[in-house]
Amino acid sequence: MQTSLQKSPHLKSFVFDGFRSPLPVSLSFANHSQLSKVKLLHWRGSATTVRSLRKCKQLEELVIECEEQSASTAIAGIVKEADSWNLKRLELIGVSPQNDAELNAMTQRFPHLECLNIDLYNVSDNGIEQTGINCPKLKILKFSNKNLTDIGLTKLVQRLPLLEVLCIKGHYEI
């Protein structure tokens with residue numbers, strides 16, 4: 001199912017909940033430069049939709065809850081290329097960078113992030129510490145990780161002087 005939002009060019013916020021949606025959805029945000037908040041929940045749509053978000057120069061909040069692994073990989077790749085956004089909040093649930101380099105490529109584009117929620121299953125202490133270097137304004141950090149050690153956690157917290165909320169899910173060596 002393809003949906004166009006072209007008739008509402010002044011749209012500032014958009015939420016799509018695909019729960020129980022029988023079909024993958026393709027949306028185009030190409031003509032919505034005013035969008036500042038986008039939430040795609042229970043997302044089974046195409047990476048093309050996320051790619052069209054690149055045109056949204058005012059985007060400050062992006063939440064994608066992905067349900068398909070193939071879309072997850074594509075979304076991670078697109079987000080790390082999106083250098084035109086001024087994101088303050090990024091939540092990618094079900095989307096995981098494959099390694100430290102992918103995470104670094106993604107987070108270095110968003111130095112103004114205040115909230116990050118992401119799955120980091122394949123990322124080491126060094127990759128997580130680099131997130132603190134790339135995003136020093138983080139106040140809220142939520143992530144899943146199975147490789148985090150006490151040393152990595154200590155280095156991360158030292159890099160984030162503004163951190164107010166830290167939520168770590170998963171198996172870790174602390």
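Strand 7, helix 4 (residues 125-134) and strand 8 form a β-α-β unit that is right-handed, a crossover being given this label if, with the strands pointing away from the viewer, the path from the first strand over the helix to the second runs clockwise. Helices (H or I, at least four residues) and strands (E, at least two) are DSSP runs, numbered from the N terminus. The model is predicted, with pLDDT of at least 70 needed for local features and 80 or more for side-chain atom pairs, whereas totals for chains, interfaces and linings use all residues. Residues are numbered from 1 along each chain as its sequence is written, and side-chain values use heavy atoms, with hydrogens and water left out.

Strand 7 and strand 8 (residues 140-144) run parallel and are joined by five bridges; strands count as paired if DSSP finds at least two bridges between them. Within this pairing, C115 has I140 of strand 8 as its bridge partner. Strand 7 is also joined to strand 6 (residues 89-93), again in parallel, by four bridges, and L92 stands opposite I118.

Five of the five residues of strand 7 (residues 115-119) are buried, so the strand is largely enclosed by the rest of the structure. Buried denotes under 20% relative accessible area, exposed over 50% and partly exposed in between (1.4 Å probe, protein chains only). C115, N117 and D119 point one way from the strand, while L116 and I118 point the other way.

D119 also takes part in a side-chain polar contact with S144, at 3.4 Å; such a contact is a pair of N or O atoms within 3.5 Å, where within protein one must be able to donate a hydrogen and the other to accept it, and residues adjacent in sequence count only if both atoms are side-chain atoms. S144 belongs to strand 8 and is buried, its relative accessible area being 3%. Beyond four places in sequence, S144 is in contact (heavy atoms within 4.5 Å) with I118, D119, L120, Y121 and K169.

The largest nonpolar core has 40 residues, of which L40, L62, W85, L90 and F143 touch the most other members. Such a core is a set of buried Ala, Val, Leu, Ile, Met, Phe, Trp, Tyr and Cys residues joined through side-chain atoms within 4.5 Å. Not counting residues up to four places away in sequence, L40 touches residues including F14, F16, L27 and V63.
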